[in-house]
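Hi,

Here is the structure I promised to pass on. Please have a look at it first; my notes follow below.

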Amino acid sequence: MLLQRLSLCSRIPLDPRRHVCRLLTRPLTQAVQTRAHGSSFAHRGELRQAKRIVVKLGSAVVTRGDECGLALGRLASIVEQVAMLQNQGREMMIVTSGAVAFGKQRLRHEILLSQSVRQALHSGHNQLKDMSLPVLEARACAAAGQSGLMALYEAMFTQYSTCTAQVLVTNLDFYDDQKRQNLNSTLQELLRMNIVPIINTNDAVVPPPEPNSDLQGVNVISIKDNDSLAARLAVEMKADLLIALSDVEGLYNSPPGTDDAKLIDIFYPGDQQSITYGTKSRVGIGGMEAKVKAALWALQGGTSVVIANGTNPKVTGHVITDIVEGKKVGTFFSEIKPAGPSVEQQTEMARNAGRTLASLHPDQRSEIICHLADLLTERKEDILAANKTDMDLAVSAGHLPSAMIKRLSLSPAKLNSLAIGLRQIAVSAQDSVGRVLRRTRVAHHLELEQITVPIGVLLVIFEARPDCLPQVSALSIASGNALLLKGGKEASNTNRVLHQLTQEALSLHGVTQAVQLVSTREEVEDLCRLDKMIDLIIPRGSSQLVRDIQRAAKGIPVLGHSEGICHVYVDADASVDKVIKIVRDSKCDYPAACNAMETLLIHRDILRTPLFDQIIDMLRTERVKIHAGPRFASYLTFSPSEAKSLRTEYGDLECCMEVVDSMQEAVDHIHKYGSSHTDVIITECEETAEQFLQQLDSACVFWNASSRFADGYRFGLGAEVGISTARIHARGPVGLEGLLTTKWVLRGDGHTAADFSEHGNMKYLHENLPVRQSLAGQRDSN
């Protein structure tokens with residue numbers, strides 16, 4: 001059936017008008033600019049500049065699990081990605097395996113058919129079940145499968161109006177100068193005409209690989225498998241990037257599947273001694289050692305290399321495009337080793353130091369935080385000088401909005417306020433880690449305790465708000481958590497100084513590495529994929545940043561809120577003075593804050609009253625732009641601009657105004673259009689207020705108080721890592737308590753579960769005991 005499909009595919013008529021256009025040479029104005037070849041890319045982010053790309057498809061990628069036939073779905077997704085990159089103006093080449101597997105399927109089909117006919121004629125149908133297949137010679141399989149493999153590629157690329165050309169090579173084609181020049185000339189001409197060359201070793205005639213032949217420097221490479229073929233072609237054609245797809249995620253420091261195996265993100269020449277290679281893949285003649293040697297040879301020749309998994313169904317559909325976009329996929333080979341540790345190494349150092357931090361006495365953690373508070377005021381000149389540099393750069397760049405510029409700015413008063421908040425956290429740290437929440441006597445001499453422990457490793461991503469760094473650091477220290485910080489580049493100088501002060505404070509008790517600042521070129525999306533190293537992500541920034549992180553997080557919980565659509569409802573029984581004060585403060589105190597009012601709900605009875613006129617006059621005086629909701633607009637002859645959406649976070653001196661008939665309608669409106677952040681009722685009727693407080697499902701619900709009170713510092717938490725609108729774990733302003741979890745500790749005396757069975761001699765008591773401070777909890781880590 002597969003051969004019939006291939007036969008039909010090969011007969012698909014081509015539209016000559018489409019393919020004439022595709023054969024034209026590339027226009028001069030392409031999105032991808034050609035770069036001078038000679039040195040490989042130093043960082044993943046530079047892979048976006050790759051113009052000429054070789055994609056090597058290993059046997060395990062192209063073939064099915066039974067090694068007889070092709071993985072058609074997988075191959076189709078790879079073809080789609082190659083065609084898309086080709087249509088972007090890149091020059092794509094494919095080095096493919098699969099001819100032997102395709103031919104094996106074809107020959108087996110023919111042999112079975114032949115045997116069944118022969119045995120039916122001579123031996124009867126009873127012996128059909130005893131048929132056995134002979135061992136098929138690889139060269140014969142390659143000869144039978146090469147044409148079918150190429151027909152399949154041609155049919156698939158045709159769907160994307162992309163032409164292909166088959167090129168078969170052997171080792172001799174590279175040793176003979178004339179043949180090598182001819183091959184180079186042919187491939188150059190194909191690329192010029194926008195054709196994708198599909199290259200493979202001519203397995204029908206190629207001799208067996210020489211066991212002792214290996215890479216012999218820059219100019220000589222033995223073409224003994226498709227890994228070495230791809231490397232040789234990449235260097236010969238001056239390719240910018242070689243993508244080698246295999247059946248493993250990339251290069252590991254030891255064979256994948258072993259207990260200590262870790263995926264290597266970036267591999268540098270000279271690191272070979274740290275690698276332990278395993279056996280080769282289930283198909284093909286190369287292994288990971290051959291891939292690494294070929295990759296290093298290509299790297300030495302000026303071509304960047306990435307080894308990645310082309311068989312994982314979760315990523316196969318975008319693995320090639322992700323690599324070209326610079327995402328952290330597979331193992332990237334680089335000649336330039338960064339001066340500092342990788343983010344994986346930073347996370348490991350933070351976790352190890354965090355365990356020591358959690359085992360410190362509460363007084364020691366408090367001492368670290370107090371020392372950091374002192375450093376904020378003692379070194380304020382250094383901090384403010386770095387902040388001035390960041391401010392000057394931000395203003396000269398001119399791309400930051402005024403609200404972000406304000407967040408970026410630090411002042412002596414702000415530093416003093418930070419120091420006060422840190423000292424409050426230091427006091428709270430006295431009874432955080434190791435606090436006993438519950439004690440139960442399960443049976444005689446068998447006691448169970450539930451105690452607080454740190455969550456583990458926190459990743460806090462924040463934009464241009466350097467004051468976040470000491471606040472979050474202090475909360476992490478108090479809760480015994482390791483911390484990974486990724487700040488916005490706009491505050492890089494300020495963040496660096498503040499982080500140095502934090503590590504200086506941590507050095508008091510030998511836990512300097514517990515708080516790490518990520519200063520590498522790491523993308524936020526890549527950090528969110530470290531699910532085996534990071535326990536909780538806390539984004540601090542715009543709603544767009546939070547949404548992006550929530551989408552990118554792979555298996556890591558995200559604590560935060562994506563929007564701060566806060567409502568203030570003015571009831572019919574509201575006090576005039578309270579309304580004006582609360583509405584002004586909620587909207588105008590700090591319009592960019594997530595707890596600022598975005599929608600003002602007015603009871604219908606207030607319209608055309610002096611109170612309504614005072615509200616409008618106050619908002620005009622404060623230069624607040626009003627967007628009318630549909631019902632509010634219907635009451636006015638000349639209304640303000642109508643709100644485009646009732647679910648908008650303006651983040652500026654703008655707000656939506658809408659009319660409701662009752663408190664219940666206000667609650668329904670907030671449930672429909674709000675973000676469960678902070679919502680306020682202004683009324684003198686206690687019964688109405690209590691109904692509002694009970695019915696409304698938001699993280700913070702206030703009566704006759706500004707929405708701006710939704711803040712960790714104002715709640716007496718000392719500081720906050722953010723405001724959460726989630727319904728699991730912490731909710732509202734998240735301070736020290738929100739960075740703790742619990743564990744169960746059972747103390748027995750040789751007890752077993754069998755002791756409590758029907759034949760046992762013990763009975764459960766389950767007596768609640770008064771809680772006490774657990775010394776074991778003090779020593780405990782994550």
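β19 and β20 pair in the parallel sense, with 4 bridges between them. One of the residue pairs to look at is I681, whose bridge partner in β20 is W703. Please keep in mind that this is a predicted model.

As for β20 itself, C700 and F702 are on its covered face, while V701 and W703 are on the uncovered one.

Now to the whole sheet. It is open and built from 6 strands with parallel pairing, in the order β17-β18-β16-β15-β19-β20. Its edge strands, β17 (625-628) and β20 (700-703), each pair on one side only. On average, neighbouring strands are turned by 20 degrees against each other, direction ignored.

At the β17 end, this strand pairs with β18 (residues 654-660) in the parallel sense over 4 bridges. Here K625 has E654 of β18 as its bridge partner.

Another helix to look at is α24 (residues 663-673). Helix α24 lies across β15 (566-570), β16 (597-603), β18 and β19 (678-682), and runs at about 170 degrees to β15.

Best wishes

Terms used
Residues numbered from 1 in each chain as written. Predicted model: local features only at pLDDT ≥ 70, side-chain atom pairs only at ≥ 80, totals over all residues. Heavy atoms only, no water. Pairing = 2+ DSSP bridges. Helix = DSSP H or I, 4+ residues; strand = E, 2+ residues; numbered from the N terminus. Axes fitted to C-alpha atoms, helices over the stretch in contact; angles between N-to-C directions. Contact = heavy atoms within 4.5 Å. Buried < 20%, exposed > 50% of the residue type's maximum accessible area, 1.4 Å probe, protein only.
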